[in-house]
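Hello,

Here is the structure I promised to pass on. Please open it alongside this note.

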Amino acid sequence: MTVINGEVAAGFEPVREAFAANFAQREDIGAAVCVYQDGRPVVDLWAGVADPNTGRSWERDTLQLVYSATKGATATAAHLLAQRGELDLDAPVAEYWPEFAANGKAEIPVRWLLSHQAGLVALDEPVPLDEALAWHPMTAALAAQRPQWTPGTAHGYHGRTWGWLVGEVIRRVSGRTPGRFFAEEIAAPLGLDFFIGLPAGERDRVSRMVYRKPDVDLTTVPEESVPEDLRDLVAAWCDPNSLSNRAFAVTDPANIDFDSLEVQAAELPSSNGIGTAHALARMYAALIGEVDGLRLLTPETLASATEEQADGRDEVMMVPSRFSSGFMLPTDDIPMTGPAAFGHTGRGGSLGFADPERGIGFGYVMNHIVGGPNDMRAMSLVEAVDRSSC
């Protein structure tokens, strides 16, 4: 039986039980979960193995790459600039990034970048990975790219490109890379153990990821056997020219080794944030209220940041999705604790979110990359929070 480390406040025992069940029944290898309520931690748990190759244990300060849960941190940086009056989300991107105006993009507002409406999910020519990691070649390619649809008429998940697009606006406005801005303006004041661009001295604390192959490869299943609501998505997966595939093939090679030193040290504000569950929960708690005397966004800025901007069929994911300006909003497939919640999932199961109506900040990170409709680890923890005293 896996030893569960950490503490839970009275009334939150169901979260410990669900966390233990994730190891006993749902294949967690190493993981952590943290919950803040009304600005204070009420759950802070960790367990398992950080590196199956060496047997290194998961500790309270183990760092985990969280894939697209990074987008919540990057969006927070953009909204902090907006709150300070340095960035107008409804102004054209080209006002801050003149080169972006090429190929019919002069009128695209910053908000459409944040809400996946800009149509810049793919590139005509992928950028060599080493150049993409160096930043400027990728932002130059995106500035020159023609949108895949008329901006503002549809939305589709900008899984990879979102980080360079939003990150370049942050860089142009603040004069700092998005990782540095986050480190100095958000992580340092709050004491967050979270990085977009991992410092070399932190490498030894990072867990090693384990990838599980899907139980069933739906692309090999006869169409009549695929659930009807997934048929369009499966058809897109089978088509190498679909946006569903091209959105994740903007580099050459398309497959990125997120365990590599070079990738973890680079700044990929859409997908290579590395931190703890405690850091995610604390950041989201500080978005909706004070944490040790510090609140990140005012109620007015928060309302703008979390107002729905896009809803309906996603042109990339081929299923319904909902976005505010940078955050995912609750759907049947995105587990959160209420209709006012907002946050972001990450590939394989990680999740960070806030629920302002319940005063909740939540973070869950893990190194067994599973994902898919049968991965109930994050959902079980959220349901346990729902049942707890809050």
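Predicted model: local features only at pLDDT ≥ 70, side-chain atom pairs only at ≥ 80, totals over all residues.

Strand S14

S14 covers residues 351-355. Five of its five residues are buried, so the strand is largely enclosed by the rest of the structure. In a regular strand, side chains alternate between the two faces of the sheet. In S14, Leu351, Phe353 and Asp355 point one way. Gly352 and Ala354 point the other way. Note that Asp355 is among the buried residues.

Its partners

S14 pairs with S13 (residues 342-345) in the antiparallel sense, over four bridges. Here Gly352 is the bridge partner of His344. The S13-S14 hairpin has five residues between the strands, and Gly348 takes a positive phi near 90°.

S14 also runs antiparallel to S15 (residues 360-366), with five bridges joining the two.

Helices H5 and H6

How do the axes of H5 and H6 cross? H5 spans residues 136-144 and H6 spans residues 161-174; their axes come within 10 Å and cross at roughly 100°. That angle lies between 65 and 115 degrees, so H5 is roughly perpendicular to H6. H5 contributes His136, Met138, Thr139 and Leu142 to the contact. H6 contributes Thr161, Trp164, Leu165, Glu168 and Arg171. By class, the contact has four nonpolar, three polar and two charged residues.

Best wishes

Methods
Residues numbered from 1 in each chain as written. Heavy atoms only, no water. Axes fitted to C-alpha atoms, helices over the stretch in contact; angles between N-to-C directions. Parallel < 35°, antiparallel > 145°, perpendicular 65-115°, else oblique. Contact = heavy atoms within 4.5 Å. Nonpolar A, V, L, I, M, F, W, Y, C, P; charged D, E, K, R; others polar. Buried < 20%, exposed > 50% of the residue type's maximum accessible area, 1.4 Å probe, protein only. Pairing = 2+ DSSP bridges.
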